[in-house]
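Thank you all for coming this morning.

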Amino acid sequence: MKLPGIAILLFFYAVYIGKMLLQKRKGIHTDQIAKGGKRDSVFYTELVLKVATYTVVAAEVVSIFAVKPLLPQPFTICGLVLGCVGDVIFLIAVVTMKDSWRAGIAEDDKTEMVTSGIYRISRNPAFLGFDCVYIGLVLMFFNLPLLLFSIFAMLMLHLQILQEEKYLVKEFGEGYINYKKKVCRYIGRK
């Protein structure tokens with residue numbers, strides 16, 4: 001299971017970093033996490049989020065190489081499938097967002113509200129992709145530290161979503177409010 005675990009992580013972060021590099025070529029600064037000048041709740045939530053997401057990657061890598069899977073094989077296989085699904089969801093989300101994709105709240109950047117493609121069934125498919133990868137790797141390489149780091153990272157991602165929703169209401173007004181009424185935060189239509 002080590003090779004599939006590594007493949008899930010490499011694919012996910014290749015998409016993430018690849019998109020950032022493509023946008024950088026266009027003069028777009030994708031990574032806006034904890035970059036604002038204000039030292040408000042958004043900044044501190046994003047700062048903790050950044051630490052949480054880096055830490056969980058370290059826990060995942062250590063778990064892949066140093067931990068013998070503890071859960072029965074059906075859980076491991078479910079984890080493998082969920083991790084792969086997370087990769088695909090994340091890729092589709094990032095591609096669908098085009099140049100409006102940012103990591104963090106970019107108050108100075110003007111972006112478009114995207115409601116097509118995968119965004120018709122999830123307001124936050126990129127975050128859903130993160131969560132699927134995290135849960136998948138926990139099932140594949142279960143250990144208590146990985147579980148705790150993953151839960152913490154998913155909690156921080158959820159707090160980021162809540163902050164982004166406030167920002168999107170201010171940025172897109174009634175259009176975003178109507179979108180929220182039709183599409184669920186993680187998956188599904190209302």
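This is a predicted model: local features need pLDDT of at least 70, side-chain atom pairs count only at pLDDT 80 or more; totals for chains, interfaces and linings use all residues.

Residues are numbered from 1 along each chain as its sequence is written, and side-chain values use heavy atoms, with hydrogens and water left out. Helices (H or I, at least four residues) and strands (E, at least two) are DSSP runs, numbered from the N terminus.

Let us take helix H5, residues 144-172, and helix H6, residues 174-182, whose axes come within 6 Å and cross at roughly 130°. An axis here is a line fitted to C-alpha atoms, for helices over the stretch in contact, and the angle, from 0 to 180 degrees, is taken between N-to-C directions. Angles under 35 degrees count as roughly parallel, over 145 as roughly antiparallel, 65 to 115 as roughly perpendicular, and the rest as oblique, and H5 and H6 are therefore oblique to each other. On the H5 side, Glu 165, Leu 168, Val 169 and Phe 172 take part, and they meet Glu 174, Gly 175, Tyr 176, Ile 177 and Lys 180 of H6. Those residues divide into five nonpolar, one polar and three charged, where Ala, Val, Leu, Ile, Met, Phe, Trp, Tyr, Cys and Pro count as nonpolar, Asp, Glu, Lys and Arg as charged, and the others, Gly among them, as polar.

The next pair is helix H1, residues 2-25, and helix H4, residues 125-140, with axes that come within 11 Å and cross at roughly 165°. That angle makes H1 roughly antiparallel to H4. In this contact, H1 supplies Pro 4, Gly 5, Ile 8, Leu 9, Phe 12, Tyr 13 and Tyr 16, which meet Gly 129, Phe 130, Val 133, Tyr 134, Leu 137 and Met 140 in H4. Sorted in the way I described, the residues of the contact of H1 with H4 comprise 11 nonpolar, two polar and no charged.

Now to helix H3, residues 73-97, where Gly 79 has its place. Is Gly 79 buried or exposed? Buried means under 20% relative accessible area, exposed over 50%, and partly exposed in between, with a 1.4 Å probe and protein chains only; Gly 79, at 0%, is buried. Leaving aside neighbours within four places in sequence, Gly 79 is in contact with Gly 136, Leu 139 and Met 140. Thr 76 also lies in H3 and is buried, at 4% relative accessibility, and beyond its neighbours within four places in sequence, Thr 76 is in contact with Met 1, Leu 71, Leu 139 and Met 140. Phe 75, found in helix H3, is partly exposed at 44%.

Finally, the cysteines: a disulfide, taken here as a pair of cysteine sulfur atoms within 2.5 Å, is a covalent bond between the sulfur atoms of two cysteines. By this rule the count is zero disulfides. For Cys 78, the nearest cysteine sulfur, that of Cys 84, is 12 Å away, and Cys 78 is partly exposed at 48%. For Cys 132, the nearest cysteine sulfur is again that of Cys 84, 11 Å away, while Cys 132 is buried, at 10%.

Technical notes: Contact means heavy atoms within 4.5 Å.
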